[in-house]
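Please read the points below with the sequence and the model open beside you. They go from the sheet to the loops and then to the charged pairs.

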Amino acid sequence: SAVVVDLKSIQCGSLQQNPKVVFLHGLDSSSHTWRDILPIVSSDNDDVPCLAFDLRGCGKSPTGRTIEDFSQDTLIEDVHAGLMKHKYLLPPQQQEKEKDIDDTNSNWNNNKIILVGHSLGGRLALAYAAKYPQYVSALVIEDMDIVQRPKEKSVIPIPPDVSTDTFQPFHRKLTSLQEVIDTLQQRGYPQERIDKYVKEGRIHKVHDNDDNDDA
């Protein structure tokens, strides 16, 4: 089975407040999706703490090496591991302690989260709540397909020379916008979608010393 990875995240709000709101982004995105939403949700609700993860292989989170590393259950376990170790979600009396908590910790009974998911993040949020209902007080699902989408109807066409049964490594450190565009085109991304990503800010320059993890 795949080993969980340490998800990167962005956050805002007071560590002392409940409830906590956790955001999961969609496919081909990152916590950057929620950059404008987090401060609004937090400030409009008495500085409630909000947390947005970079899912595995997205943003600044580590990636995987095989197809199995990106299964739904593996992504859920990444999120669960992140929630259980993150100081943001610990009860106030434990927030200053540098130790993990386990599933049996009774303090979680009064420390549930509101889980918000967009698209792929919505699917993961539903699956997470089904597997770990004891940690979720509410779900917010936005812009998610209800039925499973066959591979042949993917919005990102798969080039004929690329097997859907093999893992295709993706180099994450590119030096220019044009290099990013060229790489996405080679992977079969339609130009319209690439232009949309650039316009929305999904493709943006990040320096190696930028710290996107407030954990």
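**Notes on the predicted model**

1. Strand S2 and strand S4 (residues 113-118) run parallel and are joined by 5 bridges. Strands here are DSSP runs of E with at least two residues, helices are runs of H or I with at least four residues, and both are numbered from the N terminus. Two strands count as paired if DSSP finds at least two bridges between them. The model is predicted, so local features need pLDDT of at least 70 and side-chain atom pairs count only at pLDDT 80 or more, while totals for chains, interfaces and linings use all residues. Residues are numbered from 1 along each chain as its sequence is written, and side-chain values use heavy atoms, with hydrogens and water left out.

2. S2 and strand S3 (residues 50-53) pair in the parallel sense, over 4 bridges.

3. Is S2 buried or exposed? Of its 5 residues (residues 20-24), 5 are buried, so the strand is largely enclosed by the rest of the structure. Buried means under 20% relative accessible area, exposed means over 50%, and partly exposed lies in between (1.4 Å probe, protein chains only). In a regular strand the side chains alternate between the two faces of the sheet. Here Lys20, Val22 and Leu24 point one way, Val21 and Phe23 point the other way, and all are buried.

4. S3 is covered on both faces: Cys50 and Ala52 are buried on one side, Leu51 and Phe53 on the other. S3 also pairs with S1, in the antiparallel sense and over 4 bridges. In that pairing Ile10 stands opposite Ala52.

5. Taken as a whole, the sheet is open, has 5 strands in the order S1-S3-S2-S4-S5, and shows mixed pairing. Its edge strands are S1 (9-12) and S5, each of which pairs on one side only. From one strand to the next the twist averages 15 degrees. Helix H2 (residues 72-85) packs on the sheet and touches S2, S3 and S4; its direction makes about 145 degrees with that of S3. Contact means heavy atoms within 4.5 Å. The axes are lines fitted to C-alpha atoms, for helices over the stretch in contact, and angles run from 0 to 180 degrees between N-to-C directions.

6. Most residues other than glycine have a negative phi. Asp28, however, has a positive phi of about 55 degrees although it is not a glycine. Asp28 sits in the loop between S2 and H1 and is partly exposed, with a relative accessible area of 26%. Ser119 also has a positive phi of about 55 degrees; it is found in the loop between S4 and helix H3 (120-131).

7. Ser30 lies in the loop between S2 and helix H1 (37-43). With a relative accessible area of 12%, Ser30 is buried. Leaving aside residues up to four places away in sequence, Ser30 touches His25, Asp54 and Gly59.

8. How many salt bridges does the structure hold? There are 4, a salt bridge being a side-chain nitrogen of Lys or Arg within 4 Å of a carboxyl oxygen of Asp or Glu. One of them joins Asp73 to Lys131, with the closest N and O atoms 2.9 Å apart. Asp73 lies in helix H2 and Lys131 in helix H3, so this pair ties together parts that are 58 residues apart in sequence. Lys131 also forms a salt bridge with Glu77, where the closest N and O atoms are 2.7 Å apart. That pair links helix H3 with helix H2 across 54 residues.

9. Another salt bridge pairs Glu200 with Lys196, with the closest N and O atoms 2.7 Å apart. Both belong to helix H5 (residues 191-200), where being 4 residues apart separates them by about one helical turn. Glu200 is partly exposed at 32% relative accessible area, and Lys196 is partly exposed at 41%.
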